[in-house]
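Subject: Structure handover

Hello,

Here is the structure I said I would pass on. My notes follow it.

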Amino acid sequence: MDHGGSNPETRQGIPLNRARSLGSSFRRSSFNSSCDQPPLTDHDAESESVSEAGDIGDRALYSNRFSDSERFSLSLDRALENGAIAPIPENPFVQSYGFLGRESATVNTPASLVPPQAEEIVSTLANCPIDHSEDTKQESKRKFSRLLEYVTCLVHLAVFGILGVLTRYGLQKLFGPENANVTNNETILYPDLPSNMVGSFLMGWWGVVFKGDISGISDYLAIGLTTGYLGSLTTFSGWNQKMLDLSVDGRWLFAILGFFIGLFLVAYSIIFGIETAKGFRWIMKRKNITCSWCLKVDSYERDLAAMVGFSLMLILLWSFSGSLLERDFSSEAAELWVGCLVGPVGVWARWFLARLNGRGVGRKGRWKWVPIGTLMANVLAACVMAALATVKKAVKTEKVETVASGVQLGLLGCLSTVSTFIAEFNAMRLSEQPWRAYAYAALTMAISFALGVLIYSIPVWTQGLNE
């Protein structure tokens, strides 16, 4: 269903920074051609796009996005503004994820003056309304040093990461045995399932449909909401650990079904999120509702104010979590405090690892369709989570239990993510090679679970730690 109109003036274009990232493969292809290297193919461009659908880490920052190696994109933008390149009809799959999907493969398009390898890039750019405030934003970013840019982004990630930890903890309690009694540790409905579903649903809103609009207000806000909040609200390591707990108790069928049903639920959560967000955007267009009233962070002063404001929020959040502490350090409040204290470290580590997405493996960059950064973050968090679970069973003291549980809740819960994982899964599913989505999911789950069995299950069985 097409909720948008066919009038190019009323269509919602994606932001220029998304289009420039789409142009990276075309620029590298041109560079390779000039150096007598084999150029990138459309297959390579799609592989890179699906791998970067969830997160690209610090490569999204202005200082990295507009480096000397990417100045070609600026000349391409100006060529478009001057009408030097012929437009190509709009494609919804390019707008959402930056590549042509299976459903669009049979659409007939008129001849273009652009090489076929760059058609996706030009098609996306041609339908973007020219935002002349972008030049003003670029000038202000030049005044914002690289160090301040990183500090501002890290502070945003820390604040939204802590909020994600608190939300996840609240959803665990709300749907757990103490209240709604929907989730528990004995069934395939593991305690983090509600937060993973909610985070995946919101990823469809903030990370796919409205990400361009949020980036237009503030790039840091977009990164904070998707990588910081949704990445910390959801957790893959907690999901994997609960399946390991079931397998240790001999409930192997429950463990296997937990992965399958869990994947099904989060996959349809992001689909439902995307569809409802598109419907909401359609209503906004019908009612002529715009975001022109939103205060854009597009100047040096506003960037600085945002950094100071979020720094104060970070201090307040840490103070609030510290106020929950009681004299007894072994309480759940102490566990939550430890989680909020170390949570930002997990968010930062995952954000830096995300820069590996779309780069491939080895010098030749093989397997570019695999989001290496997200895969490493999820597997690493799952392994450390399993190791701490083993320590908790071996050293049965209240303080060890509190600290280990707090690290699992905060650091490892924020290091791993389901929202980014499922955004990448959904992008692969809509690509011309949908099998990659299921291969990626199977690879992530199989490696994490197998290593978890070695780190957690085998010691528990052999040492009798479960007695």
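The model is predicted. I start with its aromatic residues: ring pairs join Tyr190, Phe236, Trp239, Trp252, Phe259, Phe421, Tyr440, Phe449 and Trp461 into a cluster. Searching the whole structure gives 21 aromatic pairs. Two of them are described here.

For Phe201 and Trp205, the ring centres are 6.4 Å apart and the planes stand at 45°, so this pair is tilted. Both residues belong to helix 9 (residues 193–209), where a spacing of four residues separates them by about one helical turn. Phe201 is partly exposed, its relative accessible area being 24%. Trp205, at 19%, counts as buried, because the cut-off for buried is under 20%.

Trp252 is in helix 13 (residues 252–286) and Phe449 in helix 19 (residues 435–463), so the pair ties together parts that lie 197 residues apart in sequence. Trp252 is partly exposed, with 37% relative accessible area, whereas Phe449 is buried at 16%.

Ser247 touches both members of that pair; apart from residues up to four places away in sequence, its contacts are Trp252, Ala255, Phe449, Ser457 and Trp461. Ser247 sits in helix 12 (residues 236–248). Its relative accessibility is 1%, so Ser247 counts as buried.

Next, Thr374, which lies in helix 16 (residues 372–394). Thr374 is buried, with a relative accessible area of 4%. Setting aside neighbours within four places in sequence, Thr374 is in contact with Asn357, Thr417, Thr420, Phe421, Glu424 and Tyr440.

Helix 11 (residues 219–233) has some features of its own. Its 15 residues reach 20 Å from the first C-alpha to the last, close to the 21 Å expected at 1.5 Å a residue. The helix bends by about 30° at Leu225. Ser218 caps the N-terminal end of helix 11, with a side-chain oxygen 3.3 Å from the backbone nitrogen of Tyr220. As for burial, helix 11 is mostly covered, with 14 of its 15 residues buried.

Last, the annotation. An unreviewed UniProt entry places the feature "transmembrane region" at residues 147–167, 220–240, 252–277, 304–324, 336–357, 369–391, 403–425 and 437–458. I have figures for two of these spans. Residues 147–167 are 100% helix and 0% strand, and their end C-alpha atoms lie 30 Å apart. Residues 369–391 are 87% helix and 0% strand, with the end C-alpha atoms 36 Å apart.

Regards

Note on methods: Residues numbered from 1 in each chain as written. Predicted model: local features only at pLDDT ≥ 70, side-chain atom pairs only at ≥ 80, totals over all residues. Heavy atoms only, no water. UniProt positions renumbered as here; feature names shortened; annotations may be inferred. Helix = DSSP H or I, 4+ residues; strand = E, 2+ residues; numbered from the N terminus. Buried < 20%, exposed > 50% of the residue type's maximum accessible area, 1.4 Å probe, protein only. Contact = heavy atoms within 4.5 Å. Expected span 1.5 Å × (residues − 1). Bend = angle between axes of the 7 residues up to and from the residue. Polar contact = N/O pair within 3.5 Å; in protein donor to acceptor, adjacent residues only side chain to side chain. Phe/Tyr/Trp six-rings, centres within 6.5 Å; stacked < 30°, edge-to-face > 60°.
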